[in-house]
Amino acid sequence: MPEPLVTYELDGDIALLGLNRDDVRNAINGALLDSLKEGVLRATEEARAAVIFSHGEKHFSAGLDLAEAQSRRGETPGARPRRTRSKWHTTFDLISRGEIPFVSALKGATVGGGLELAAATHIRVADETTFFALPEGQRGIFVGGGGSVNIQRLLGYARMADLMLTGRVLSAAEGERVNLCQYVVPAGQSFEKAKELARKIATNAPLTNWAVCSVLPRVTDLSHDDGLAVESLIGASVRSAEGSARIGAFLEGRAAPIVAPGAGAAPGA
Ligand code: 1HE
């Protein structure tokens, strides 16, 4: 049987989804999107958090499979009915607005559609080899994996326009400064760090995690008044027996307090 284009493994409460096309630097084609969608749906059923990482030595993803894209250009217009929302949008939305948190582990090239995939995840961990670019302008195409919404939200128009118009390539440290990633770790350590974060996230109350993943991104689309109304509704709907137990545990000294950075672990934590 051929190797899956996206591997799936359940590791305790977390699912590990591995892009597995290193021969073409994890370029994203239709079959990889299908495999990713299957993994994302399975993770949503089975896990409390998930990590998307890449197999192979150097790169996260080279983005759109340019060879497949080129071969499709030869097709007669209208031969394949174009759906309003592409497979890219539906797959990436299952990540960005789904029910469980996704953490991406980045390295090397995280470009074009690869950056769009990373931007669909909730936490991005880059290692020092990671670089970010949107070479669509040079290739004569446009973002198509939700980047105009998700990447623009992270970067703002000015920086996204700069990347797309000038072909500028950002280092991991530059990417962190402009919100493309939240963590930068030494080379080769992004997968371990992403797993550590996912395990931690998986210990949160699932309803709160769902609200962060599924509701917060939608609130930014609303007016101030509508946003506050939704916040109140969500606050009421995540109130649960689990929440009461967690608050009780803190009040009775059974839950660790928050520790200031650099202060070391709290006794008994
Ligand atoms: C590919 C692709 C690809 C590599 N589609 N086959 N994406 C890009 O414009 C990125 C184009 N790729 C690169 O700039 C470089 O390949 C990398 C910086 C990512 C990696 O460099 P390197 O030296 O490690 O690998 P390589 O030798 O350039 O590539 C190895 C093989 O992967 C080679 O094939 P081979 O048969 O010669 O071995 C490459 O042709 C192949 N390969 N990238 C197809 N992207 C929803 S819209 C999204 C729009 C976009 O994503 S635009 C960005 C497209």
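Student: So, how do the residues of the shell around the ligand split into nonpolar, polar and charged?
Tutor: The shell has ten nonpolar, six polar and six charged residues. Here Ala, Val, Leu, Ile, Met, Phe, Trp, Tyr, Cys and Pro count as nonpolar, Asp, Glu, Lys and Arg as charged, and the others, Gly among them, as polar. Just so you know, this is a predicted model, where local features need pLDDT of at least 70 and side-chain atom pairs 80 or more, while totals for chains, interfaces and linings use all residues. Residues are numbered from 1 along each chain as its sequence is written, and side-chain values use heavy atoms, without hydrogens or water.

Student: Got it. Which residues come nearest to the ligand?
Tutor: Of the 22 around it, His59, Ala62, Leu64, Gly113 and Arg139 do. A residue is near if one of its heavy atoms lies within 4 Å.

Student: Which ligand atom is 2.7 Å from a polar backbone atom of alanine 62?
Tutor: A nitrogen. Another backbone pairing puts an N or O atom of leucine 66 2.9 Å from a ligand nitrogen. With glycine 113, a backbone N or O atom is 2.7 Å from a ligand oxygen. The cut-off for a polar contact is a pair of N or O atoms within 3.5 Å.

Student: Which helices each supply at least two residues of the shell?
Tutor: α4 (113–120) and α5 (136–139). Helices are DSSP runs of H or I with at least four residues, and strands are E runs with at least two, numbered from the N terminus.

Student: Is α4 enclosed or open?
Tutor: Largely enclosed by the rest of the structure, because eight of its eight residues are buried. Buried means under 20% relative accessible area, exposed over 50%, partly exposed in between (1.4 Å probe, protein chains only). Among the buried ones in α4 are Gly113, Leu115 and Glu116.

Student: New topic: where does threonine 110 lie?
Tutor: In strand β5, residues 109–111. Threonine 110 is buried, at a relative accessible area of 0%.

Student: What is threonine 110 in contact with, leaving aside its neighbours within four places in sequence?
Tutor: Its contacts include Phe60, Ser61, Leu115 and Ala118, plus Thr130 and Phe131. Contact means heavy atoms within 4.5 Å.

Student: And β3, how many of its residues are buried?
Tutor: Six of six, across residues 49–54. Ala49, Val51 and Phe53 point one way, while Ala50, Ile52 and Ser54 point the other.

Student: How many bridges join β2 to β3?
Tutor: Six, and the two strands run parallel. Strands pair if DSSP finds at least two bridges between them. In this pairing, leucine 17 stands opposite isoleucine 52 in β3.

Key: A polar contact is a pair of N or O atoms within 3.5 Å; within protein, one must be able to donate a hydrogen and the other to accept it, and residues adjacent in sequence count only if both atoms are side-chain atoms.
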